Amino acid sequence: MRKDLSYKTSFPLIECFDENLFDNDYFGNNFLLSERRKSLGYFKKNNLPSVKKEDWKYFDLKKISKLSFNNANNLNEEEKKLLIRKKNIFNQKIVIINGEYCSNLSDTSSVRDKIEFYNLNNQNLSFEKNKFDYIKKYLCAKDESLDSINLAFAKDIFILEIKKGCTIDEPLEIIYLSKSHDDSICINPRLIVISHEASDSTIIETCQSDSSGYLWSNYVTNIVIEKNARLKHYKYQNEGINSFHTADTKIELSSFSYYSHYLLNSGSDLSRNKIHCKLNNNNGTCNVSGAYFLNESQKSDIFVEIEHLSSDCISNQKFYGVVDSNSEGIFQGKIHVGEETKNTQADQISRGVVLSSNAQINAKPELNIYSEDVQCSHGVSIGELDEESIFYMRSRGISENEARQMLIYAFITDTLSDLDDSIILEKFNKLIDKQISEKFF
Amino acid sequence: MDSMSNQKLEIKNLVVKANDKLILNDLSLTMNKGETHAIMGPNGSGKSTLSNVLAGKSGYEIISGSVSFCGHNILGMNPEERAALGVFLSFQYPIEIPGVTIINFLKTAYNSLLKARGKAEISASEFLKLIRDKQKILDISDEMTRRNLNVSFSGGEKKRLEMLQMLLLDPFLSILDETDSGLDIDALKSVSEAINLLRNENKLILVITHYQRLLNYVVPDFVHVLYDGKIIKSGDKKLAIDIEENGYFKITEAA
């Protein structure tokens, strides 16, 4: 491996690998420990990818590589309560603070019959062997830098299952909160979501932090959508400005399944959201969309990869962003259509508004199509707010600032056009409104 | 605002360039309250520049001269400050803004003006009542006000919407930049009705037009001919009829 393909790191964290973190050998043969050890080895070998690697071309981890990340300390109950105040949106919630499950702050009582939620760092689990075999494949060490550091240092592993045939009307919120004191900490939440056959549910991930030191949250989420199941997945990333957010979300879709993802990305100094969907079986649909708002020197990289590996599948990508000051937005959208597939429909659009001469947006569509029977489209547009529109609004008495904010809102609102849940729509409308008024004034 | 005594527009020796080209050349015009003036002129005479400069559009270089309205030098003000003072421009080509609904736009504009004038904003229900009264005059449905601003509107619909905004915002100085262009006879009547409804002893109305057609319905007190950036002739309604019959040629030739 060429040396300049990676950044060397010297995180104190690496020296604190906890062999005994998961007491119970649920999978047998010390499976988890051995995969965690392998992961540690991979990270030591790979370190962090540099901008010389194609996938990381626009997103530089150098700043992260130079910091001294430690494991997070446990917070006391008072601190936890303070952290969650006014942070949750919905009644049904799972709260994870600094990578640890907080059962006393969580509440899933009204969906008790429809879901199962459990964490592996728990003494009291008893499940059939075939269930653990099912989960196992999502806990294998990978020769990928961020996945390996996550598995090696995840303090716990969370599994959410939506039971076969169950419909959950009210969204279930997964709240990730993080806090560091003065030191730099690295948190590695790991979640597996299984939407069992013919289930239908909505989850919202909210990621927020409150840190005086540097905080790196490195999420890995595996999502499995079984036959005829539907999952709507929303995410609001609003971590603090001292934080770095890297999230790798991998989705596998079965036949006649549906997955939609909406990401509102506005927090963190550096954020990278990778969303990778595999349409493994026929008649799967996935819609991946979202919006980002950046100011100051924020940088956001949204990396979507959709693999059409079976026939009669539909995919859509739609991301809009607004950047101000010295910020930078990146959208990389890959579409892969496999050789044997038929009747594929894959669309992609990314649009951006640049508000300052020092801000920039990079968009990189990448289409790899190996089949003839494909309907595919992609488009990119990046521009400024329309001055004629601003004058028109100002001539009616609307201040320049408000006119700009209204135009930004009008631009972004197009990303919400496919959201059909009125509670979610209202919530995201408010969040977008809030972000625009806080960021672009 | 109602207490303002000096409701008068005074344009003195205005010289304006755009893209280094002289557009308005020593233009002077005085309008007193209660008066309706019409400015006519051939293409390229500077009509739209005049209306844009009055409303505060950027991109024009004011070389010399002054514009005062209600005792304020408005050339130093931004567009929203002028709007707060009571200046309104009905656009020749109203702008289409996808994603902004008419009703939201109108409410924001109305409340912005109230706020700028130090008054309390009004509630959504009060606003709806107010706007519905104005909608009736122009036969604009609620369905239409829920649509995006000017998007996929016909020429006539756009102009009627401009008139709805004018009636709602109730300006002291209304500048109507070719509001009659592209209108069929029914729309023309509807637009004229709105303008006449606004006319009273306190208002100033400046109608900018190519043709005298609109002036049959909105009868002006004064008619001016703008040519090469200055007013070359002023008169009453008869001047407009004369232009309609004989064209601009005789007047411009004399100038």
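These legends accompany close-up views of a predicted model.

**View 1. The side of chain B that touches chain A.**
Here 21 residues of chain B meet 17 residues of chain A. Four elements of chain B each give two or more residues to this side: α2 (79-85), β7 (97-101), α3 (102-116) and α6 (155-169). Which of them gives the most? That is α3(B), with five residues. By class, this side of chain B has 14 nonpolar, five polar and two charged residues.

**View 2. Helices α7 and α8 of chain A.**
Two packed helices are described by the angle between their axes and the distance between the axes. In this view, α7 (residues 400-412) of chain A packs against α8 (residues 422-439) of chain A. The angle is about 140 degrees, and the axes are 10 Å apart. An angle over 145 degrees would count as roughly antiparallel; α7(A) and α8(A) are therefore oblique to each other. The crossing of α7(A) past α8(A) is right-handed. On α7(A), the residues that meet the partner helix are A:Q405, A:I408, A:Y409 and A:I412. On α8(A), they are A:I432, A:D433, A:I436 and A:S437. Five residues of this contact are nonpolar, two are polar and one is charged.

**View 3. The largest nonpolar core.**
This core holds 188 residues. Five residues have the most contacts inside the core: A:I96, A:C277, A:I408, B:I175 and B:L206. Which element gives the most to the core? Helix α7(A) does, with eight residues. Zoom in on A:I96, and its partners beyond four places in sequence come into view. They are A:Y101, A:C102, A:F158, A:I174, A:I175, A:Y176 and A:P189.

**View 4. Helices α1 and α5 of chain A.**
Helix α1 (residues 31-46) of chain A packs against α5 (residues 145-153) of chain A. Their axes lie 8 Å apart, at an angle of about 140 degrees. The pair α1(A) and α5(A) is therefore oblique. Is the crossing left-handed or right-handed? α1(A) passes α5(A) in a left-handed crossing. From α1(A), the contact draws on A:E35, A:R36, A:S39, A:L40, A:Y42, A:F43 and A:N46. From α5(A) come A:S145, A:S148, A:I149, A:L151 and A:A152. The contact divides into six nonpolar, four polar and two charged residues.

Is A:S39 buried or exposed? It has 25 C-beta neighbours inside 10 Å, so A:S39 counts as buried. Leaving out residues up to four places away in sequence, A:S39 touches A:A141, A:S148, A:L151 and A:A152. A:K334 is 295 residues from A:S39 in sequence. In space, the C-alpha atoms of A:S39 and A:K334 are 27 Å apart.

**View 5. A:S201 in strand β11.**
A:S201 sits in strand β11 of chain A. This residue is buried, because 25 C-beta neighbours lie inside 10 Å. Beyond four places in sequence, A:S201 is in contact with A:I162, A:I168, A:L172, A:S195 and A:L231. A:E170 is 31 residues away from A:S201 along the chain, with 8.1 Å between their C-alpha atoms.

**View 6. Two residues with positive phi.**
Most residues other than glycine have a negative phi, and most peptide bonds are trans. A:A198 has a positive phi, near 60 degrees. A:A198 lies in the loop between β10 (190-195) and β11 (200-209) of chain A. With 17 other C-beta atoms within 10 Å, A:A198 is partly exposed. B:D139 has a positive phi too, near 55 degrees. Where is B:D139 placed? B:D139 is in the loop between α4 (124-138) and α5 (142-145) of chain B. B:D139 has 10 other C-beta atoms within 10 Å and so is exposed.

**View 7. B:D170 in a loop of chain B.**
B:D170 belongs to the loop between α6 and β9 (173-177) of chain B. With 15 other C-beta atoms within 10 Å, B:D170 is partly exposed. B:D170 and B:F88 are 82 residues apart in sequence. Their C-alpha atoms are 8.6 Å apart in space.

Methods: Residues numbered from 1 in each chain as written. Chains lettered and ligands numbered in written order. Predicted model: local features only at pLDDT ≥ 70, side-chain atom pairs only at ≥ 80, totals over all residues. Contact = placed C-beta atoms within 7 Å. Nonpolar A, V, L, I, M, F, W, Y, C, P; charged D, E, K, R; others polar. Axes fitted to C-alpha atoms, helices over the stretch in contact; angles between N-to-C directions. Parallel < 35°, antiparallel > 145°, perpendicular 65-115°, else oblique. Left-handed = near helix turned anticlockwise from the far one by under 90°. Core = buried A, V, L, I, M, F, W, Y, C linked by C-beta atoms within 7 Å. Buried ≥ 20, exposed ≤ 12 C-beta atoms within 10 Å, placed from the backbone.
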